[in-house]
Amino acid sequence: MTFKEKVAELVNIALEERPSLFLIDLSISDSNKISVILDGDNGVNLQDCIDVSRAVEHNLDREEQDFSLEVASAGATSPLKNIRQYRKNLGRTLKVKTAHEEIEAKLTDANDEHIVLEWKAREPKKVGKGKETVEKKAEIPYGDIKEAVVVIKF
């Protein structure tokens, strides 16, 4: 078993013990810098990061292979990568980029195939001058999403 395979297995074991957490990214550089990015259905706290870090670090031998380990939560402004992240953010405003457009709208549904966004837009009236507010809705398959970020409002 290679070093990378062993690290991946240890991370998966640690996450199996914490079903509310899930892996966003695992990377290991040529200099054996291990970077683990986590997210959770209820967020990720410091203790979660410590527990995963210890589960990995205590099962690797520094005498055998020197490494550095960093375990962090996905940042509030980092792009969504996992279907569970979309489900966790239902009801929040997302900025979604596709190949053809960029939409900032409320995430109303997220299933295994696509997300549903809803927003209001001002469009020219069909009859007469001026504009009217219309309700818009879009179903976007995950494969069409180039980037999706939660919009943080204060």
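Let's start with a helix. Helix α1, residues 3-16, lies across β1 and β2. Against β1, helix α1 runs at about 165°. One caution before I go on: this is a predicted model.

Now the sheet under that helix. Three strands make up an open sheet, ordered β1-β2-β3, and the pairing is mixed. Which strands sit at the edges? β1, residues 21-28, and β3, residues 68-73, are the edge strands, and each pairs on one side only. From one strand to the next, the twist averages 20°.

Take β1 and β2 in detail. Strand β2 covers residues 33-40. β1 and β2 pair in the antiparallel sense, over seven bridges. D25 stands opposite I37 in β2. S27 stands opposite S35 in β2. The two strands form a hairpin with four residues between them. Look at N32 in that hairpin: N32 takes a positive phi near 60°.

Helix α2, residues 46-57, lies across β1, β2 and β3. To β3, helix α2 runs at about 150°.

Next, the second annotated span. The UniProt annotation "domain: Ribosome maturation factor RimP C-terminal", again from an unreviewed entry, covers residues 80-154. What are the helix and strand percentages for residues 80-154? The span is 8% helix and 57% strand. The C-alpha atoms at the ends of residues 80-154 lie 20 Å apart.

Five strands form an open sheet in the order β7-β6-β5-β4-β8, with antiparallel pairing. β7 and β8, the latter at 145-150, stand at the edges with a single partner strand each, so one side of each has no neighbour in the sheet. On average, neighbouring strands here are turned by 35° against each other, direction ignored.

Let me walk through the pairings. Strand β4, residues 93-98, runs antiparallel to β8, and five bridges join them. V96 stands opposite A148 in β8.

Then β5 and β6. Strand β5 is residues 102-110, and strand β6 is residues 114-124. They run antiparallel, joined by four bridges. The bridge partner of K106 is E118 in β6. β5 and β6 form a hairpin, with three residues between them.

Now β6 and β7. How many bridges join β6 to β7? There are 11 bridges, and the strands run antiparallel. Strand β7 covers residues 131-141. H114 has P141 in β7 as its bridge partner. The hairpin of β6 and β7 has six residues between the strands. In this hairpin, G128 takes a positive phi near 90°.

A quick reminder on what pairing involves. Strands of a sheet pair through backbone hydrogen bonds, parallel or antiparallel.

Last topic: the pocket. The largest pocket has a volume of about 160 Å³. Which residues line the largest pocket? The lining is D39, A74, G75, A76, S78, L80, Q85, K88, N89, R92, V150 and I152. By class, the lining divides into five nonpolar, four polar and three charged residues.

D39 is in the lining, and β2 spans residues 33-40. V150 is in the lining too, and β8 spans 145-150.

Terms used
Residues are numbered from 1 along each chain as its sequence is written. This is a predicted model: local features need pLDDT of at least 70, side-chain atom pairs count only at pLDDT 80 or more; totals for chains, interfaces and linings use all residues. Side-chain values use heavy atoms; hydrogens and water are left out. Two strands pair if DSSP finds at least two bridges between them. Axes are lines fitted to C-alpha atoms, for helices over the stretch in contact, and angles run from 0 to 180 degrees between N-to-C directions. Contact means heavy atoms within 4.5 Å. UniProt positions are given in the numbering used here, feature names are shortened, and annotations may be inferred rather than shown by experiment. On a 1 Å grid over the protein atoms alone, a cavity is a set of points where a 1.4 Å probe fits but cannot get out, and a pocket is an open set with protein on both sides within 12 Å along at least five of seven lines; lining residues have an atom within 4 Å of a point. Grid points are joined across faces, edges and corners, and a volume is the space filled by probe spheres set on the points. Ala, Val, Leu, Ile, Met, Phe, Trp, Tyr, Cys and Pro count as nonpolar, Asp, Glu, Lys and Arg as charged, and the others, Gly among them, as polar.
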